[in-house]
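Subject: Structure for your files

Hello,

Please find the structure below. My notes on it follow.

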Amino acid sequence: FFRGVCSDMHQFTRVNPCFLQRCAVRQQARGFAHARLLMAKNYYEVLGISQNSSDGDIKAAYRKLAMKYHPDKNQGNAEAESKFKEISHAYEVLSDREKRRIYDQFGEAGLEGGPGGAGGFHGDPMDIFNQFFGGGFPGFQGGGFGAQSRQPSRGENVVVELHMTLEELFEGATKTIRYRRNVLCSVCDGTGSKSGNPPVTCPDCNGRGMKVMTRQMGGFIQQSTVVCPTCKGEGSIIDKNDICSACDGKRVSSEVTVNKLKIQPGTRNGAQLAVKGEGSQVPAGPAGDLVVVVYEEDHPVFSRHNDDLILMPKIGLKDALCGLDMTLQGVDGAPIRIKTPPGTVVKPGEILTIPGQGMPKSGVQGKRGQLLVKCEVEMPDKISVDALETLAAVLPQTEPPFEAPPGSEDASVVYLEPASIETLNRLEREARQQEAHEQRQQMGGMPGGGNVQCAQQ
């Protein structure tokens with residue numbers, strides 16, 4: 001039968017010479033279709049997620065991998081740098097719903113202007129990282145994968161933590177910030193070459209930094225995008241005999257920079273203060289910013305909520321009933337006398353306010369928040385019998401919380417006593433177990449994935 005088919009086919013091709021050509025085209029089309037399916041999986045595999053992952057899963061995967069393979073954490077590690085670029089390219093496609101749809105349907109060819117083309121997509125990995133983590137919003141670079149050259153990138157932001165006391169934040173201060181950043185090499189002026197000549201466009205990738213590799217596997221053709229091995233993703237190269245020895249051709253070097261920053265009175269904990277252009281430098285692109293994150297140190301007396309100061313003193317029952325009168329040093333160094341009007345009873349947990357004794361309102365001259373006083377009333381361990389009679393005569397009578405049942409006059413007396421440590425520990429342990437059980441129910445069922453069902457009668 002097979003010989004007969006072959007004979008018939010040979011006879012038919014003599015009548016219609018285009019038949020074999022059409023067969024070859026169909027076979028090649030099937031190979032490209034298979035390659036596109038393989039490519040549709042590649043970017044998901046780069047991020048370590050499945051093809052039906054949500055937008056949140058894609059962001060979480062990128063966040064984890066980008067932090068792991070960031071060049072600053074893997075200096076001199078070419079493999080990590082290559083991985084970082086692959087992760088960035090994968091995220092740029094999969095985080096865009098339209099590009100992801102086209103990629104799933106047509107593979108990378110669709111993004112390069114094939115069926116359903118959406119134009120290029122290869123933005124600068126550092127720009128993608130900075131945009132994702134809030135390090136400025138430089139945007140994706142135009143031109144994409146079909147561009148003839150890489151667009152200038154933006155330098156990375158340098159984030160510095162600044163710890164300050166509450167008193168410093170109250171008064172304001174000028175702080176000296178020492179940090180390390182990349183600056184253009186002073187020997188080669190950022191060219192990376194001894195001669196001072198600028199780098200030339202990489203001939204292997206035409207300045208894109210990435211290459212599409214095509215290989216045939218059996219009857220199929222597979223395409224994959226890899227970092228250009230010639231320029232290592234830079235898009236440009238320097239003659240190896242002309243590489244600057246000071247920066248090893250990297251065009252930037254690391255140095256310690258000192259800056260002075262004025263902290264305004266009333267600056268809040270967690271405030272991010274940006275100094276434009278004082279971050280890392282890059283050749284042919286704007287420098288990043290210095291971002292100073294202010295952290296407020298704990299204070300032995302006051303805590304803070306935005307512009308308000310909070311004081312939580314422990315007072316005795318006598319002070320709570322007969323009147324509070326105490327003096328303390330304010331955060332500005334001036335003494336503050338706190339007193340309640342005669343006849344005022346301070347209730348446990350009650351919040352009292354003193355206007356104008358809080359933190360300065362940032363940007364509002366002469367205005368301050370409130371001082372909030374929340375007293376913790378400490379009860380005496382015991383009271384003498386004589387004092388009990390006096391208190392009973394002075395304190396107002398209260399109604400019992402429960403109505404006495406019939407025959408209560410014959411009820412036996414049971415005296416209360418403090419709970420033991422074992423009892424308290426047990427109650428805390430059971431409360432944690434109950435909370436964990438409720439969380440499992442809210443997350444969709446019992447352990448093991450089974451849902452709770454009604455019992456059948």
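What pLDDT does the protein chain average, and what share of the residues score at least 70? The average is 77, and 78% of the residues reach at least 70; pLDDT is the predictor's confidence in each residue, from 0 to 100. This is a predicted model, in which local features need pLDDT of at least 70 and side-chain atom pairs count only at pLDDT 80 or more, while totals for chains, interfaces and linings use all residues. Residues are numbered from 1 along each chain as its sequence is written, and side-chain values use heavy atoms, with hydrogens and water left out.

Confidence by region

The pLDDT is below 50 over residues 1-41, a stretch with 32 contacts in the model beyond near neighbours in sequence (contact means heavy atoms within 4.5 Å). It is also below 50 over residues 135-151, where the corresponding number of contacts is 49. Where pLDDT is low, the predicted coordinates should not be read in detail.

The chain as a whole

The protein chain holds 11 helices and 17 strands. These are DSSP runs numbered from the N terminus: H or I over at least four residues for helices, E over at least two for strands. Of its 457 residues, 33% count as buried, meaning under 20% relative accessible area with a 1.4 Å probe, protein chains only. Among contacts between residues at least 6 apart in sequence, 64% join residues at least 24 apart.

Strand 15 runs antiparallel to strand 16 (residues 371-374), and four bridges join them. I351 has K374 in strand 16 as its bridge partner.

A helix pair

The axes of helix 4 (residues 78-94) and helix 5 (residues 97-106) come within 6 Å and cross at roughly 100°. Axes here are lines fitted to C-alpha atoms, for helices over the stretch in contact, and angles run from 0 to 180 degrees between N-to-C directions. The two helices are therefore roughly perpendicular to each other (65 to 115 degrees). Where they meet, E92, V93 and L94 in helix 4 face K99, R100 and Y103 in helix 5 as contacts.

Regards

How values were computed:
Two strands pair if DSSP finds at least two bridges between them. Buried means under 20% relative accessible area, exposed over 50%, partly exposed in between (1.4 Å probe, protein chains only). Angles under 35 degrees count as roughly parallel, over 145 as roughly antiparallel, 65 to 115 as roughly perpendicular and the rest as oblique.
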